[in-house]
Amino acid sequence: MTNNNMYFVANWKMHGNTRYIESSKSIIKLSKQKKYKNHKIIYCPPYTLINHFHKKVKKSKILIGAQDCHEILNFGPYTGSINAKLIKSAGAKFVILGHSEKRKDGDTDKVINAKIKSALVENLKIIFCVGETLLQKRKKLTYSVLKKQINLGLKDIKKFANIIIAYEPVWSIGTGLLPKNEDLKKNLNDIKNILKKLKNKKNSEVKIIYGGSVTPKNVKNLVEIKEINGFIIGGASLNSKKFIDILKKSTI
Ligand code: PGA
(Lines give C-alpha, C1' and ligand atoms only; values in the text may rest on other atoms or scores of the structure.)
Protein backbone atom coordinates (compact mmCIF):
# COMPACT_ATOMS: atom_id res chain seq x y z
CA MET A 1 0.00 0.00 0.00
CA THR A 2 1.77 3.12 -1.21
CA ASN A 3 0.71 6.43 0.18
CA ASN A 4 0.79 9.93 -1.28
CA ASN A 5 1.20 11.79 1.97
CA MET A 6 4.54 10.77 3.44
CA TYR A 7 7.67 12.32 4.89
CA PHE A 8 11.00 11.94 3.09
CA VAL A 9 13.77 13.31 5.25
CA ALA A 10 17.23 13.46 3.67
CA ASN A 11 19.79 13.31 6.47
CA TRP A 12 23.05 14.36 4.82
CA LYS A 13 25.07 13.97 8.03
CA MET A 14 28.59 15.42 7.59
CA HIS A 15 28.42 15.50 3.78
CA GLY A 16 27.56 18.00 1.09
CA ASN A 17 28.55 21.12 -0.79
CA THR A 18 26.82 23.58 -3.09
CA ARG A 19 27.14 21.12 -5.98
CA TYR A 20 25.05 18.59 -4.05
CA ILE A 21 22.42 21.28 -3.64
CA GLU A 22 22.22 21.76 -7.40
CA SER A 23 21.23 18.11 -7.67
CA SER A 24 18.05 18.86 -5.71
CA LYS A 25 16.69 20.60 -8.84
CA SER A 26 15.45 17.25 -10.12
CA ILE A 27 13.60 16.64 -6.84
CA ILE A 28 12.04 20.11 -6.99
CA LYS A 29 10.80 19.31 -10.49
CA LEU A 30 9.37 15.98 -9.36
CA SER A 31 7.72 17.50 -6.28
CA LYS A 32 5.64 19.74 -8.55
CA GLN A 33 3.88 16.76 -10.12
CA LYS A 34 0.40 16.19 -8.81
CA LYS A 35 0.98 12.78 -7.28
CA TYR A 36 3.96 13.99 -5.22
CA LYS A 37 2.23 17.18 -4.14
CA ASN A 38 1.23 16.01 -0.68
CA HIS A 39 4.55 14.43 0.27
CA LYS A 40 6.77 16.38 2.60
CA ILE A 41 10.34 16.44 1.35
CA ILE A 42 12.81 17.75 3.88
CA TYR A 43 16.54 18.18 3.33
CA CYS A 44 18.72 18.26 6.42
CA PRO A 45 22.19 19.37 5.26
CA PRO A 46 25.04 20.38 7.58
CA TYR A 47 24.56 23.76 9.31
CA THR A 48 26.88 25.48 6.85
CA LEU A 49 24.57 24.76 3.91
CA ILE A 50 21.19 25.48 5.51
CA ASN A 51 20.85 29.09 4.41
CA HIS A 52 22.16 28.52 0.89
CA PHE A 53 19.86 25.52 0.45
CA HIS A 54 16.90 27.42 1.91
CA LYS A 55 17.35 30.21 -0.66
CA LYS A 56 17.52 27.67 -3.50
CA VAL A 57 14.28 25.91 -2.57
CA LYS A 58 12.33 28.89 -1.26
CA LYS A 59 9.89 28.94 -4.14
CA SER A 60 9.29 25.18 -4.03
CA LYS A 61 7.58 22.92 -1.53
CA ILE A 62 10.90 21.45 -0.38
CA LEU A 63 11.67 22.22 3.26
CA ILE A 64 14.96 22.48 5.10
CA GLY A 65 15.92 21.06 8.48
CA ALA A 66 18.98 20.98 10.71
CA GLN A 67 20.55 17.82 12.11
CA ASP A 68 20.80 19.07 15.70
CA CYS A 69 20.64 22.20 17.83
CA HIS A 70 22.04 23.34 21.17
CA GLU A 71 19.67 23.11 24.12
CA ILE A 72 20.10 26.69 25.28
CA LEU A 73 17.49 28.94 23.75
CA ASN A 74 19.04 32.36 24.23
CA PHE A 75 22.14 33.71 22.59
CA GLY A 76 25.22 33.63 24.78
CA PRO A 77 28.87 32.72 25.21
CA TYR A 78 28.75 29.16 23.83
CA THR A 79 31.62 28.96 21.37
CA GLY A 80 30.98 26.60 18.50
CA SER A 81 27.32 26.05 19.33
CA ILE A 82 24.24 26.63 17.18
CA ASN A 83 20.84 26.94 18.81
CA ALA A 84 17.26 26.71 17.56
CA LYS A 85 17.01 30.48 17.02
CA LEU A 86 20.04 30.41 14.73
CA ILE A 87 18.90 27.49 12.62
CA LYS A 88 15.46 29.03 12.31
CA SER A 89 16.88 32.35 11.17
CA ALA A 90 18.95 30.46 8.57
CA GLY A 91 15.72 29.05 7.10
CA ALA A 92 15.25 25.67 8.82
CA LYS A 93 11.72 24.59 9.63
CA PHE A 94 12.68 21.16 11.02
CA VAL A 95 15.36 19.77 13.28
CA ILE A 96 16.50 16.18 13.82
CA LEU A 97 17.05 15.51 17.52
CA GLY A 98 18.09 12.39 19.40
CA HIS A 99 19.86 10.80 16.44
CA SER A 100 21.92 7.83 17.62
CA GLU A 101 25.07 9.45 16.21
CA LYS A 102 24.46 12.42 18.56
CA ARG A 103 23.54 10.10 21.45
CA LYS A 104 26.89 8.38 20.84
CA ASP A 105 28.53 11.83 21.08
CA GLY A 106 27.05 12.24 24.55
CA ASP A 107 23.48 13.48 24.16
CA THR A 108 21.55 12.02 27.10
CA ASP A 109 17.75 11.71 27.21
CA LYS A 110 17.75 14.78 29.44
CA VAL A 111 19.77 16.86 26.99
CA ILE A 112 17.56 15.67 24.13
CA ASN A 113 14.48 16.72 26.12
CA ALA A 114 15.96 20.19 26.63
CA LYS A 115 16.83 20.46 22.93
CA ILE A 116 13.30 19.44 21.93
CA LYS A 117 11.81 22.03 24.27
CA SER A 118 14.03 24.80 22.94
CA ALA A 119 13.21 23.91 19.32
CA LEU A 120 9.48 23.87 20.11
CA VAL A 121 9.72 27.39 21.53
CA GLU A 122 11.06 28.45 18.13
CA ASN A 123 8.15 26.66 16.45
CA LEU A 124 10.39 24.20 14.66
CA LYS A 125 9.12 20.75 13.79
CA ILE A 126 11.05 18.00 15.54
CA ILE A 127 12.16 14.73 14.01
CA PHE A 128 12.78 12.87 17.24
CA CYS A 129 14.88 9.73 16.72
CA VAL A 130 14.62 6.66 18.92
CA GLY A 131 15.91 3.12 18.52
CA GLU A 132 17.73 0.23 20.11
CA THR A 133 21.30 -0.99 19.62
CA LEU A 134 22.06 -4.52 18.44
CA LEU A 135 23.01 -5.58 21.95
CA GLN A 136 19.76 -4.21 23.35
CA LYS A 137 17.83 -6.03 20.62
CA ARG A 138 19.64 -9.29 21.41
CA LYS A 139 18.85 -8.86 25.09
CA LYS A 140 15.19 -8.26 24.17
CA LEU A 141 15.31 -4.77 25.61
CA THR A 142 13.85 -2.97 22.59
CA TYR A 143 10.52 -2.12 24.22
CA SER A 144 12.06 -0.79 27.42
CA VAL A 145 14.65 1.25 25.47
CA LEU A 146 11.94 2.83 23.30
CA LYS A 147 9.78 3.53 26.34
CA LYS A 148 12.64 5.19 28.21
CA GLN A 149 13.79 7.27 25.24
CA ILE A 150 10.26 8.48 24.49
CA ASN A 151 9.18 9.10 28.08
CA LEU A 152 12.34 11.04 28.95
CA GLY A 153 12.75 12.75 25.59
CA LEU A 154 9.18 14.08 25.66
CA LYS A 155 9.04 14.71 29.41
CA ASP A 156 6.81 17.68 30.34
CA ILE A 157 5.89 18.31 26.71
CA LYS A 158 2.15 18.71 26.39
CA LYS A 159 1.56 19.23 22.70
CA PHE A 160 2.85 16.75 20.16
CA ALA A 161 1.57 18.58 17.09
CA ASN A 162 5.11 19.51 16.02
CA ILE A 163 6.68 16.15 16.83
CA ILE A 164 7.43 13.35 14.40
CA ILE A 165 9.01 10.18 15.72
CA ALA A 166 11.74 8.54 13.66
CA TYR A 167 12.20 4.90 14.59
CA GLU A 168 15.80 4.11 13.71
CA PRO A 169 17.22 0.82 15.00
CA VAL A 170 20.87 1.77 15.59
CA TRP A 171 22.07 -1.54 14.12
CA SER A 172 20.28 -0.75 10.88
CA ILE A 173 21.85 2.67 10.26
CA GLY A 174 24.38 2.53 7.44
CA THR A 175 24.69 -1.26 7.63
CA GLY A 176 22.30 -2.50 4.95
CA LEU A 177 20.51 -4.51 7.63
CA LEU A 178 16.76 -4.10 8.05
CA PRO A 179 14.35 -5.33 10.69
CA LYS A 180 11.94 -8.09 9.70
CA ASN A 181 8.53 -6.68 8.77
CA GLU A 182 6.86 -8.34 11.75
CA ASP A 183 9.43 -6.88 14.18
CA LEU A 184 9.12 -3.48 12.58
CA LYS A 185 5.31 -3.54 12.87
CA LYS A 186 5.55 -4.59 16.50
CA ASN A 187 8.02 -1.85 17.38
CA LEU A 188 6.01 0.82 15.55
CA ASN A 189 2.86 -0.25 17.38
CA ASP A 190 4.75 -0.26 20.66
CA ILE A 191 5.84 3.33 19.94
CA LYS A 192 2.22 4.30 19.22
CA ASN A 193 1.11 2.78 22.51
CA ILE A 194 3.88 4.44 24.49
CA LEU A 195 2.85 7.77 22.95
CA LYS A 196 -0.82 7.15 23.64
CA LYS A 197 -0.09 6.79 27.33
CA LEU A 198 1.77 10.09 27.30
CA LYS A 199 -0.31 12.32 25.20
CA ASN A 200 -3.21 14.56 25.78
CA LYS A 201 -6.22 13.02 24.02
CA LYS A 202 -6.86 16.21 22.08
CA ASN A 203 -3.56 15.82 20.23
CA SER A 204 -3.70 14.50 16.71
CA GLU A 205 -1.95 11.27 15.80
CA VAL A 206 1.84 11.53 15.89
CA LYS A 207 3.47 10.53 12.61
CA ILE A 208 6.12 7.81 12.77
CA ILE A 209 8.78 7.47 10.12
CA TYR A 210 11.40 4.75 9.67
CA GLY A 211 15.13 5.16 9.23
CA GLY A 212 17.98 2.71 8.69
CA SER A 213 19.44 1.63 5.34
CA VAL A 214 16.43 2.71 3.27
CA THR A 215 17.22 2.28 -0.44
CA PRO A 216 15.29 2.13 -3.72
CA LYS A 217 15.58 -1.68 -3.46
CA ASN A 218 13.88 -2.15 -0.10
CA VAL A 219 11.48 0.79 0.03
CA LYS A 220 8.65 -0.98 -1.79
CA ASN A 221 8.55 -3.58 0.95
CA LEU A 222 8.68 -0.90 3.66
CA VAL A 223 5.76 1.13 2.29
CA GLU A 224 3.61 -1.98 2.62
CA ILE A 225 3.79 -1.44 6.38
CA LYS A 226 0.85 0.84 7.05
CA GLU A 227 2.27 2.11 10.35
CA ILE A 228 5.12 3.85 8.46
CA ASN A 229 4.40 7.49 7.53
CA GLY A 230 7.68 8.13 5.76
CA PHE A 231 11.44 7.71 5.89
CA ILE A 232 14.61 9.29 7.14
CA ILE A 233 17.25 8.50 4.58
CA GLY A 234 20.99 8.88 5.10
CA GLY A 235 23.37 7.35 2.54
CA ALA A 236 20.84 7.01 -0.29
CA SER A 237 19.77 10.66 0.00
CA LEU A 238 23.23 11.84 -1.07
CA ASN A 239 22.55 10.49 -4.53
CA SER A 240 19.64 12.39 -6.08
CA LYS A 241 18.87 9.54 -8.49
CA LYS A 242 18.45 7.14 -5.59
CA PHE A 243 16.44 9.66 -3.62
CA ILE A 244 14.10 10.18 -6.59
CA ASP A 245 13.79 6.43 -7.00
CA ILE A 246 12.79 6.08 -3.35
CA LEU A 247 10.13 8.77 -3.82
CA LYS A 248 8.81 7.17 -6.99
CA LYS A 249 8.67 3.69 -5.51
CA SER A 250 6.78 4.95 -2.46
CA THR A 251 4.12 6.70 -4.51
CA ILE A 252 1.11 5.36 -6.39
P1 PGA B 1 21.22 5.44 6.52
O2 PGA B 1 21.09 6.54 7.67
O3 PGA B 1 20.04 5.61 5.59
O4 PGA B 1 22.51 5.73 5.86
O5 PGA B 1 21.18 4.10 7.18
C6 PGA B 1 19.86 6.86 8.23
C7 PGA B 1 20.05 7.85 9.36
O8 PGA B 1 21.05 7.78 10.08
O9 PGA B 1 19.20 8.73 9.56
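The legends below describe close-up views of a predicted model.

**View 1. The strands form a closed barrel.** The barrel has 8 strands, in the order S1-S2-S3-S4-S5-S6-S7-S8, and the pairing is parallel. On average, neighbouring strands of this sheet are turned by 25 degrees against each other, direction ignored.

View 2. Strand S4 covers residues 94-97 and strand S5 covers residues 125-130; the two pair in the parallel sense over 4 bridges. Within this pairing, Leu-97 has Phe-128 of S5 as its bridge partner. Helix H8, made of residues 142-153, packs on the sheet and touches S5 and S6. The direction of H8 makes about 150 degrees with that of S5. Helix H6 (residues 109-121) lies across S4, S5 and strand S6 (163-167). H6 runs at about 165 degrees to S5.

**View 3. Helix H11 and its buried residues.** Helix H11 spans residues 240-249, and its buried residues are Ser-240, Phe-243, Ile-244, Ile-246 and Leu-247. These residues are on the same side of H11 because they cover an arc of only 155 degrees around the axis. The N-terminal end of H11 is capped by Asn-239. A side-chain oxygen of Asn-239 lies 3.0 Å from the backbone nitrogen of Lys-241.

**View 4. The surroundings of the ligand.** The residues that surround the ligand are Asn-11, Lys-13, His-99, Glu-168, Ile-173, Gly-174, Gly-212, Ser-213, Ile-232, Ile-233, Gly-234 and Gly-235. For Gly-234, the distance from a polar backbone atom to an oxygen atom of the ligand is 2.9 Å. A polar backbone atom of Gly-235 is also 2.9 Å from an oxygen atom of the ligand.

**View 5. Glu-227, a residue in a loop.** Glu-227 lies in the loop between H10 and S8. Is this residue buried or exposed? Glu-227 counts as buried because its relative accessibility is 7%, and the limit for buried is under 20%. The side chain of Glu-227 makes a polar contact of 3.1 Å with the side chain of Asn-189. Another polar contact, of 3.3 Å, joins the side chains of Glu-227 and Lys-226. With neighbours within four places in sequence left aside, the contacts of Glu-227 are Lys-185, Leu-188, Asn-189, Lys-192 and Ile-208.

**View 6. Asp-68, in the loop between S3 and H4.** This loop runs between strand S3 (63-66) and helix H4 (84-90), and Asp-68 is found in it. Asp-68 has a relative accessible area of 11% and is therefore buried. Which residues does Asp-68 touch, not counting those up to four places away in sequence? They are Tyr-47, Ile-87, Val-95, Ile-96, Leu-97, Lys-102, Asp-107 and Lys-115.

**View 7. Ile-21 in helix H1.** Helix H1 consists of residues 18-22 and includes Ile-21. The relative accessible area of Ile-21 is 1%, so this residue is buried. Apart from neighbours within four places in sequence, Ile-21 is in contact with Trp-12, Leu-49, His-52, Phe-53 and Lys-56. Leu-141 is 120 residues from Ile-21 along the chain, and the C-alpha atoms of these two residues are separated by 40 Å.

Technical notes: Residues numbered from 1 in each chain as written. Predicted model: local features only at pLDDT ≥ 70, side-chain atom pairs only at ≥ 80, totals over all residues. Heavy atoms only, no water. Buried < 20%, exposed > 50% of the residue type's maximum accessible area, 1.4 Å probe, protein only. Arc of directions from axis to C-beta. Polar contact = N/O pair within 3.5 Å; in protein donor to acceptor, adjacent residues only side chain to side chain. Pairing = 2+ DSSP bridges. Axes fitted to C-alpha atoms, helices over the stretch in contact; angles between N-to-C directions. Contact = heavy atoms within 4.5 Å. Near = heavy atom within 4 Å.
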